[in-house]
Amino acid sequence: MSQNPDKPPSSKEKSSDLEDGREESSDTQDQSVRKKVRQSALGSHRDDTPKSSPPRPVSVEELMETAKGVTNMALAHEIVVNGDFQIKPAELPEHSLEKKVRDIVHKAFWDCLEAQLKEDPPTYDHAIKLLGEIKENLLSFLLPGHTRLRSQITEVLDLDLIKQEAENGALDIAKLVEFVIGMMGTLCAPARDEEIKKLKDINEIVPLFRAIFSVLDVMKMDMANFAVTSIRPKLMQQSAEYERKKFQEFLEKRPNSLDLVTRWLQEAADDLVKLRCKMLPPHCSSDGATGGASALCSTAVQNQAYLNLLKWDHVNRPFPETVLMDQTRFQEIQLELEQCLLTGTVLLVTFSAAGPALADMPGFAEKIKTIVKVLLTGIHLPSFNLKESLATTGEKVCAEVNTCLSQHGFTPLSAERETVLKGQIQAVANSDNTICKLIDSRIQKFLENYLASSHQKSLPAVPGGLGPIQKELEEIAIKYVRLVNYNKMVFSPYYDAVLGKILTKEEYQLAGKSEES
């Protein structure tokens, strides 16, 4: 499909069991991983992927077909898991040879059109070809039920009749262009109304043709993105089946291709067993412990496993095979949560230090979030110095707090309170910071609750203390749960098979311990 506004048209255009124990269960692991995440740059570490089978000779046809299949699967996967996916026009580099050649060819075309129309009598060969292209574009926007509009376009833009009128000197280009603009206004998205209106203010025919094709290109993008949104539910099911089929083919060739998945799910099951045992009262009998642990269900273990991916050491640990395609996405979410955690902690200590005066002050929280976001840019880079950035953040936050307090008639912070606030902000860098650990556990609880209720349309209530970062947290949660749900759709048969063995083993081991005691 065409994408450049100034180009001549082309004829080819396209689980509640864990309610309150989470805050203590994974502190040590969480804090140790936080530091490692910041040392890991975005990007997948593919060195840990399962090794391929020994190579065999393949034909060019096989190679091209495989490449096409992988490309299509990757595109379908991106459309399904990325709710913001959009088709965008390709833009050539500013000083590239391709752009220079394209611009020269386009200029030559439009110059030729202008020269023809200035002849006496005018020559309409190029103009008629453009009207033909416009006709094809307008017809491509129609749905099967648009019978009346189809008839209007076909009748008014009848190229044979237009040619006859041109030969007889009776062609009214202005009238045809007026019809085209009106039809574009009928078919375009409401967001394009202003662009259609601007077309009516162009009086010269060549600039008008160029502007029309520019708007038509945008309308094509709108139509393509509408189609993507429309086919996503159907594509999700088909893509899931295709990915599962391809993974099964790989699994048949490499039977050990679920080793990392098995280890990942086993760790999640162990985490839940430890958590539930910790939640039991000290006087509880061993039978009670056994009963609590044996109540593990496949869904709870899977959800715990997905939460563990948000604390993953991407540098030193290979990613489970079934989520390998989305490693970069999980890593990005992990880093977004890290920044959200730091922002929420800074806001909480700031509101605590400044008192209730700033709690409901319009725009104050957003200003602090902007300061934190700017100063924590690059947090994922190995060279990033968190302590220095937080020291600077403390200075900026104190200045903003005093400014807002003064503007609203309150007494600014004393030097002593400023020093305390700066110290509290800098202390966020410590892995054992109590406030940071509290905010982190509540974020994890929110995500856990969302996973457990992902079949519901509404988001779960945000835990206390997370109100200032609710918007950012909900955006991350929606993206995260969409990713998780699709992965479950594709690989749940494999997870169920692996967990069937893991949970049976857990029950057997716990029963043995109960008998011994």
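Student: What volume does the second largest pocket have?

Tutor: Bear in mind that this is a predicted model; in it, the second largest pocket has a volume of about 420 Å³.

Student: And which residues are closest to the centre of that pocket?

Tutor: The lining is made up of 13 residues, and those closest to the centre are Glu336, Gln339, Lys373, Glu472 and Glu475.

Student: Which helices give two or more residues to the lining?

Tutor: These are helix H14, which covers 327–354, helix H15, which covers 364–375, and helix H19, which covers 470–516.

Student: How do the lining residues divide into nonpolar, polar and charged?

Tutor: Seven of the residues lining the second largest pocket are charged, while three are polar and three are nonpolar.

Student: Okay, new topic: how many helices and strands does the chain come to?

Tutor: The secondary structure comes to 19 helices and zero strands, and of the 517 residues in the chain, 43% count as buried.

Student: Now His126, where is its place?

Tutor: His126 belongs to helix H5, which runs over residues 125–140.

Student: Buried or exposed?

Tutor: His126 counts as buried because its relative accessibility is 16%, and the cut-off for buried is under 20%.

Student: What does His126 touch, leaving out residues up to four places away in sequence?

Tutor: With those left out, His126 touches Phe109, Cys112, Leu113 and Gln116. Cys112 lies 14 residues from His126 along the chain, and their C-alpha atoms are separated by 8.1 Å.

Note on methods: Residues numbered from 1 in each chain as written. Predicted model: local features only at pLDDT ≥ 70, side-chain atom pairs only at ≥ 80, totals over all residues. Heavy atoms only, no water. Helix = DSSP H or I, 4+ residues; strand = E, 2+ residues; numbered from the N terminus. Buried < 20%, exposed > 50% of the residue type's maximum accessible area, 1.4 Å probe, protein only. Contact = heavy atoms within 4.5 Å. 1 Å grid on protein atoms, 1.4 Å probe; cavity = no way out; pocket = protein on both sides within 12 Å on 5 of 7 lines; lining within 4 Å. Points joined across faces, edges and corners; volume = space filled by probe spheres on them. Nonpolar A, V, L, I, M, F, W, Y, C, P; charged D, E, K, R; others polar.
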